Amino acid sequence: MTGLSTILILVGLFLLGGIYSFVKQQMPKGLIVLLSIGAAMCLSAGVLRLDVWS
C-alpha cells in the first residue's frame, strides 16, 4: 500500500462517518450529497492507486 492511497482511503472513511452523523442530525440534503460524492471519490481513488492489480 502506498502512502497516498492510505491517506485517500482514510479520508474517504472519515467522510463516510461524517455522512452518517449528518444524516442522524438531519442536516441539509445538499451537504450530505456533497460529502457522499467526496467520500466516493476518495475511496475509489485510494483503491485504484493500490498496487494490488499491478
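Tutor: **The helix pair**

Ser 36 lies in helix α2. Helices here are DSSP runs of H or I with at least four residues, strands are runs of E with at least two, and both are numbered from the N terminus. Ser 36 is partly exposed, because its relative accessible area is 30%. The cut-offs are these: buried means under 20% relative accessible area, exposed means over 50%, and partly exposed is in between, with a 1.4 Å probe and protein chains only.

A word on the source. This is a predicted model, where local features need pLDDT of at least 70 and side-chain atom pairs count only at pLDDT 80 or more, while totals for chains, interfaces and linings use all residues. Residues are numbered from 1 along each chain as its sequence is written, and side-chain values use heavy atoms, with hydrogens and water left out.

Now the whole chain. Its secondary structure comes to two helices and zero strands. The chain has 54 residues, and 22% of them count as buried.

Next, the pair itself. Helix α1 covers residues 3-24 and helix α2 covers residues 29-48. Their axes come within 8 Å and cross at roughly 155°. Axes are lines fitted to C-alpha atoms, for helices over the stretch in contact, and angles run from 0 to 180 degrees between N-to-C directions. That crossing angle makes α1 roughly antiparallel to α2. Angles over 145 degrees count as roughly antiparallel, under 35 as roughly parallel, 65 to 115 as roughly perpendicular, and the rest as oblique. The crossing of α1 and α2 is left-handed. In a left-handed crossing the near helix is turned anticlockwise from the far one by less than a right angle; clockwise would be right-handed.

Which residues make the contact? From α1 they include Ser 5, Leu 8, Ile 9, Gly 12, Leu 16 and Phe 22. From α2 they include Leu 31, Leu 35, Ser 36, Ala 39, Cys 42 and Gly 46. Contact means heavy atoms within 4.5 Å. By class, the contact of α1 with α2 has 17 nonpolar, six polar and no charged residues. Ala, Val, Leu, Ile, Met, Phe, Trp, Tyr, Cys and Pro count as nonpolar, Asp, Glu, Lys and Arg as charged, and the others, Gly among them, as polar.

Look at Ser 5. This residue is found in helix α1. Ser 5 is buried, because its relative accessible area is 0%. Leaving out residues up to four places away in sequence, Ser 5 touches Gly 46, Arg 49 and Leu 50. The C-alpha atoms of Ser 5 and Leu 48 are separated by 8.1 Å, though the two are 43 residues apart along the chain. Leu 48 lies in helix α2. Leu 48 counts as exposed, at 68% relative accessibility.

Leu 34 is found in helix α2 too. Leu 34 counts as exposed, at 58% relative accessibility. Its C-alpha atom is 9.4 Å from that of Ile 19, a residue 15 places away along the chain.

Between α1 and α2 runs a loop, and Gln 26 sits in it. Gln 26 is exposed, with a relative accessible area of 71%. Its phi is near 55°, a positive value in a residue other than glycine. Most residues other than glycine have a negative phi.

Finally, the record. UniProt, in an unreviewed entry, places the feature "transmembrane region" at residues 6-23 and 30-48. Residues 6-23 are 100% helix and 0% strand, with end C-alpha atoms 26 Å apart. Residues 30-48 are also 100% helix and 0% strand, and their end C-alpha atoms lie 27 Å apart.

Methods:
UniProt positions renumbered as here; feature names shortened; annotations may be inferred.
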